[in-house]
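Here is a friendly walk through a single chain, residue by residue and then as a whole. Have the viewer open as you read.

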Amino acid sequence: MTDFNWHNPKLRKLAEQITIFFPAKLRAQYIETLEDADDQYALFRYHSSKRKQQSLRKSARNAVRYAISMGRLQRSDICSECGRRVKVEAHHLDYKKRFEITWLCRDCHVDKHRVS
Ligand SMILES: [Zn+2]
Ligand SMILES: [Zn+2]
């Protein structure tokens, strides 16, 4: 594994932008990714994969909302993790599989995303 090239002015500029736009938690992840990087395209790859993931997530959520509004999908009222009968949210294991959903309460949902 080669060292990340911090002396590349273009990359350093990007890294400085990170400190402006990213909250501390995300920044730590970002830096981790950079340190693991084999080449100078790490930043670019990170950005494009994040963006792809975000748009997949958005369309998966829209698909679920639409299916519910059309009556094709039934929103559960029980969290499949803790079993509480509360308002639940759709959790996707894979955003490409739009209708493979786990219904989770807010608390369990937040937990799930903290782990993965
Ligand atoms: Zn729960
Ligand atoms: Zn989720």
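Helices (H or I, at least four residues) and strands (E, at least two) are DSSP runs, numbered from the N terminus. This is a predicted model, in which local features need pLDDT of at least 70, side-chain atom pairs count only at pLDDT 80 or more, and totals for chains, interfaces and linings use all residues. Residues are numbered from 1 along each chain as its sequence is written, while chains are lettered from A and ligands numbered from 1 in the order in which they are written.

Lysine 112 counts as partly exposed because it has 14 C-beta neighbours inside 10 Å. On this scale a residue is buried with 20 or more other C-beta atoms within 10 Å of its own, exposed with 12 or fewer, and partly exposed in between, with C-beta atoms placed from the backbone. Leaving aside residues up to four places away in sequence, lysine 112 touches His91 and Leu104; a contact means that the two C-beta atoms, placed from the backbone, lie within 7 Å. Glutamate 81 is 31 residues from lysine 112 in sequence, yet their C-alpha atoms are 9.8 Å apart.

Leu104 leads us on to the largest nonpolar core, whose five residues are Cys79, Val88, Leu104, Cys105 and Cys108. Such a core is a set of buried Ala, Val, Leu, Ile, Met, Phe, Trp, Tyr and Cys residues joined through C-beta atoms within 7 Å. In soluble globular proteins, nonpolar side chains tend to be buried together. Beyond four places in sequence, valine 88 touches Cys79, Leu104 and Cys105, and also Arg75, Ser76, Asp77 and Trp103.

Arginine 84 belongs to the loop between H3 and strand E1 (88–92). With 13 other C-beta atoms within 10 Å, arginine 84 is partly exposed. Its contacts beyond four places in sequence are Cys79 and Cys105.

Back in helix H3 (residues 42–69) you will find glutamine 53, which is exposed because its C-beta neighbours inside 10 Å number 11.

Now zoom out. Four helices and two strands make up the chain's elements, in the order α-α-α-β-β-α. Buried residues account for 8% of the 116 residues. As for pLDDT, the predictor's confidence in each residue from 0 to 100, the chain averages 79, and 63% of the residues score at least 70. Confidence is highest in strand E2 (residues 101–105), at 95, and lowest in helix H2 (residues 24–36), at a mean of 62.
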